[in-house]
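Here are a few exercises on helix packing and aromatic pairs, each with a worked solution. Keep the model open beside you and try each task before reading on.

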Amino acid sequence: MGILFLKNPVHALLSFVSLILAVAGMFLHLGAELLAGLQLIIYAVAIVVFYVFVITTIPWEKVKKFEGFYKKEFLFGFPVLLVAFGIFAYAILKGNFAHVGVAGQDNVKEVGKSLFTTYLFPLEVASVILLTAMIGAILLGRKEE
Amino acid sequence: VSIEKAYILISIFLFLSGLLGVIIRKNLITLLISTELMLNGVNLALASVDKMVGGVGRTSLCIVYIGGVLLLRWP
């Protein structure tokens with residue numbers, strides 16, 4: 001809620017950090033230890049630092065100019081989303097999920113194994129895409145001569 | 001209510017809050033944080049469905065997770 005209603009982006013970011021930690025705890029409780037670890041390493045460290053850098057780079061006057069939120073959109077959007085939540089909640093609480101199979105126990109080992117066997121091609125494609133993004137970022141960030 | 005269903009409800013709440021943030025916020029930084037909120041909601045939903053149903057596959061879950069994180073940071 002802090003992300004939605006706090007005016008200051010730094011405060012919103014702090015609220016986001018608490019949310020990240022809470023979601024990591026939920027992942028742990030659900031038995032997805034790898035996701036919890038990734039959540040802490042990627043989100044709580046890398047992405048929050050990235051946001052801090054962005055906030056410190058942008059001049060504060062520009063940030064102040066876009067403070068607050070659109071009231072008309074809020075008045076229309078909030079009830080719609082509340083109704084949507086009600087419908088989803090009803091469907092989930094009343095419905096039954098089919099049981100397909102048993103989830104693996106040692107999930108870090110399982111993920112590592114299947115990444116380098118079944119999902120080797122998608123992994124390689126992802127690495128090429130990342131390399132392209134890195135080269136693109138270097139080219140865009142270079143000063144023009 | 002089972003724990004997994006409660007987590008799915010939380011994930012829907014997170015997703016809809018993020019959506020509301022994207023709609024109403026003026027600041028670009030908070031708008032981006034709201035998209036992160038949506039992504040977190042989707043990941044939590046996937047994790048709880050995997051726990052409940054079984055056989056969804058942790059690897060595909062991780063690929064969606066990492067893919068979402070990378071997609072949001074596309075230059």
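The exercises below concern a predicted model.

**Exercise 1. Determine how α2(A) and α3(A) are oriented to each other, and describe their contact.**

Solution. 
- Step 1: Two packed helices are described by the angle between their axes and the distance between the axes.
- Step 2: Locate the helices: α2 of chain A covers residues 9–29 and α3 of chain A covers residues 33–57. They pack at an angle of about 170°, and their axes are 8 Å apart.
- Step 3: Angles over 145 degrees count as roughly antiparallel, and α2(A) and α3(A) are therefore roughly antiparallel to each other.
- Step 4: Look at who makes the contact. From α2(A), the residues include Leu13(A), Phe16(A), Ile20(A) and Phe27(A); from α3(A), they include Leu40(A), Tyr43(A), Val48(A) and Ile55(A).
- Step 5: Sort the contact residues by class: 20 are nonpolar, one is polar and one is charged.

**Exercise 2. Describe how α2(A) packs with α2(B), and sort the residues of the contact by class.**

Solution. 
- Step 1: In chain B, helix α2 spans residues 28–53. Its axis and that of α2(A) come within 11 Å and cross at roughly 10°.
- Step 2: Angles under 35 degrees count as roughly parallel, so α2(A) is roughly parallel to α2(B).
- Step 3: On the α2(A) side, the contact includes Pro9(A), Ala12(A), Leu19(A) and Met26(A). On the α2(B) side, Ile33(B), Glu36(B), Asn40(B) and Leu44(B) are among the residues they meet.
- Step 4: The contact of α2(A) with α2(B) has 13 nonpolar, three polar and one charged residues.

**Exercise 3. Characterise the aromatic pair formed by Phe16(A) and Tyr43(A).**

Solution. 
- Step 1: A pair of aromatic rings is described by the distance of the centres and the angle of the planes.
- Step 2: Over all chains, a search of the whole structure finds four aromatic pairs. In the pair of Phe16(A) with Tyr43(A), the rings are 6.1 Å apart centre to centre, with 75° between the planes, an edge-to-face arrangement.
- Step 3: Phe16(A) is in helix α2 and Tyr43(A) is in helix α3 of chain A, 27 residues apart, and the pair links distant parts of the chain.
- Step 4: Are these two residues buried or exposed? Both Phe16(A) and Tyr43(A) are buried.

**Exercise 4. Characterise the aromatic pair of Phe85(A) with Phe13(B), and describe the surroundings of Phe13(B).**

Solution. 
- Step 1: This pair is edge-to-face, at 6.2 Å centre to centre and 75° between the planes.
- Step 2: The pair crosses between chains: Phe85(A) belongs to helix α5 (residues 71–94) of chain A, and Phe13(B) to helix α1 (residues 3–24) of chain B.
- Step 3: Leaving aside neighbours within four places in sequence, Phe13(B) is in contact with Met1(A) and Phe85(A).

Terms used:
Residues are numbered from 1 along each chain as its sequence is written. Chains are lettered from A and ligands numbered from 1 in the order in which they are written. This is a predicted model: local features need pLDDT of at least 70, side-chain atom pairs count only at pLDDT 80 or more; totals for chains, interfaces and linings use all residues. Side-chain values use heavy atoms; hydrogens and water are left out. Axes are lines fitted to C-alpha atoms, for helices over the stretch in contact, and angles run from 0 to 180 degrees between N-to-C directions. Helices (H or I, at least four residues) and strands (E, at least two) are DSSP runs, numbered from the N terminus. Angles under 35 degrees count as roughly parallel, over 145 as roughly antiparallel, 65 to 115 as roughly perpendicular and the rest as oblique. Contact means heavy atoms within 4.5 Å. Ala, Val, Leu, Ile, Met, Phe, Trp, Tyr, Cys and Pro count as nonpolar, Asp, Glu, Lys and Arg as charged, and the others, Gly among them, as polar. Rings of Phe, Tyr and Trp (its six-membered ring) pair if their centres lie within 6.5 Å; planes under 30 degrees apart count as stacked, over 60 as edge-to-face and the rest as tilted. Buried means under 20% relative accessible area, exposed over 50%, partly exposed in between (1.4 Å probe, protein chains only).
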